[in-house]
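Student: Before we look at anything in particular, could you take me through how the features of a model like this one are read, with the cut-offs behind each term?

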Amino acid sequence: MNALEINGLTKTYGNGKTALNNVTLTVPQGSFFALLGPNGAGKSTLINMLADTVRPSSGEVTLFGRELFSDRAWCKRRIGVVPQEIAFDPFFTPREVLRFTSGLFGCKPDEAWIDELFDRLELTQHCNKNTRQLSGGMRRRLLVAQALVHRPELVILDEPTAGVDVELRRRLWSFMRELNAKGITILLTTHYLDEAEELCDQVAIIDQGNLLTARPMKEMMSEIASSHLWLNYGKPVTLTAEDNSALAAFDPRANDEGVCLKLGHFEGGSTFHEAYEAAVSRFGPPIDAGVRSEDLEDVFLRLTAKEAGGRA
Ligand SMILES: Nc1ncnc2c1ncn2[C@@H]1O[C@H](COP(=O)(O)OP(=O)(O)OP(=O)(O)O)[C@@H](O)[C@H]1O
């Protein structure tokens, strides 16, 4: 079963801005799903529609097989959202916040689970202070605890590590990984693409409200990410029309130190050997060479730059 099936979801705000344009997307149950996009891409708009704080203009969403917009009460109990904005009643303590939130979901506060959440999110020492006395990072962790207090089956994290230091970020991710290993589906938006690449097994990229791609992370990195062979000749290399035709299959780009060739992929290998031989037969042996593969950030920048260029 899929955790989420999003079909033709569109949101046009009152000012005429279409923040999400006919997005169709599937989030498999049990996945750790990265929803990526540059600022203003429409990620929060999508999340806010799932969280019932923004109304869609059109489209359908099913959550674990139930229609989200008509079966709201059932669906709400199964979703935990960590929003981007932090807002607590300053007179509540973190423990009161979690008890109160349990009540909102119609659950009796589970004190053992609340204690575990405080422990895992390093809030035990602060759980009886007023929330206004907490630092920004502590408040963000309290938001995470609040999203988990009713034991949701889908956890949505909108930029959860903004303002959280490296050590706590690691702990937060190890906790999320554990939850995911227990079958909880996690949908994450982040601008830390290295974290997304490491944690997530599915990825979708949206830009200017449009879905650019959605696929398993491994597939994205093996099929879309490309590798380049850099050949260093210690001096600029000039490509003539002739060279271009000889090396054309490798999309050659000359630079100050030599030439860069794009490697293709085939099952079990790449075109490294052919590219190297083509360069050597034209320019001779290089003084140095190396292969660099694109990471998720490179792919993201390439795809979103193309989108921006296409719309200019
Ligand atoms: N309430 C609103 N009314 C009008 N336009 C809005 C509203 N909320 C968001 N927008 C616009 O919709 C677009 C998408 O915004 P959204 O916040 O969904 O993007 P995002 O991908 O979450 O960005 P970020 O990474 O900066 O948080 C932006 O152009 C934004 O200005």
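This is a predicted model: local features need pLDDT of at least 70, side-chain atom pairs count only at pLDDT 80 or more; totals for chains, interfaces and linings use all residues.

Student: How many helices and strands does the chain have, and what box do its C-alpha atoms fill?

Tutor: The secondary structure comes to 11 helices and 16 strands, and the C-alpha atoms fill a box of roughly 75 × 45 × 35 Å, taken along the principal axes. If a contact is a pair of residues whose C-beta atoms, placed from the backbone, lie within 7 Å, then among contacts in the chain with a separation of 6 or more, 69% come from residues 24 or more positions apart.

Student: Which residues does UniProt list for "domain: ABC transporter"?

Tutor: The unreviewed UniProt entry lists residues 4-233 under that name; such positions follow the numbering used here, with shortened feature names, and annotations may be inferred rather than shown by experiment. In the model this span is 34% helix and 29% strand, and its end C-alpha atoms lie 52 Å apart.

Student: Are the residues of α1 mostly buried or exposed?

Tutor: Burial is a neighbour count: with C-beta atoms placed from the backbone, a residue is buried if 20 or more others lie within 10 Å of its own, exposed if 12 or fewer, and partly exposed in between. By that count eight of the eight residues of α1 are buried, namely K43, S44, T45, L46, I47, N48, M49 and L50. For the chain as a whole, 34% of the 312 residues count as buried. G136, which lies in helix α5 (residues 136-148), counts as exposed because it has 11 C-beta neighbours inside 10 Å. The C-alpha atoms of G136 and V164 are separated by 8.2 Å, although the two residues are 28 apart along the chain.

Student: What lies on the two faces of strand β9?

Tutor: In a regular strand the side chains alternate between the two faces of the sheet. In β9, Q202, A204 and I206 on one side and V203, I205 and D207 on the other are all buried. Six of the six residues of β9 (residues 202-207) are buried, so the strand is largely enclosed by the rest of the structure.

Student: Which strands does β9 pair with?

Tutor: Two strands pair if DSSP finds at least two bridges between them. β9 runs parallel to β3 (residues 32-36), joined by four bridges, with F33 opposite Q202. With β10 (residues 210-216) the pairing is antiparallel over six bridges, and I206 stands opposite L211. β9 and β10 form a hairpin with two residues between them, where Q208 in the turn has a positive phi of about 50 degrees.

Student: In what order do the strands of the open sheet containing β11 run, and where are its edges?

Tutor: The order is β12-β13-β11-β16, with antiparallel pairing. β12 (253-255) and β16 (288-293) each have a single partner strand, so one side of each is left without a neighbour in the sheet. Neighbouring strands of this sheet are turned by 25 degrees against each other on average, direction ignored. Six bridges join β11 (residues 227-232) to β16, and H228 stands opposite R292 in that pair. Helix α10 (residues 272-283) lies across β11, β13 (258-263) and β16, running at about 155 degrees to β13; axes are lines fitted to C-alpha atoms, for helices over the stretch in contact, and angles run from 0 to 180 degrees between N-to-C directions.

Notes
Residues are numbered from 1 along each chain as its sequence is written. Two residues are in contact if their C-beta atoms, placed from the backbone, lie within 7 Å.
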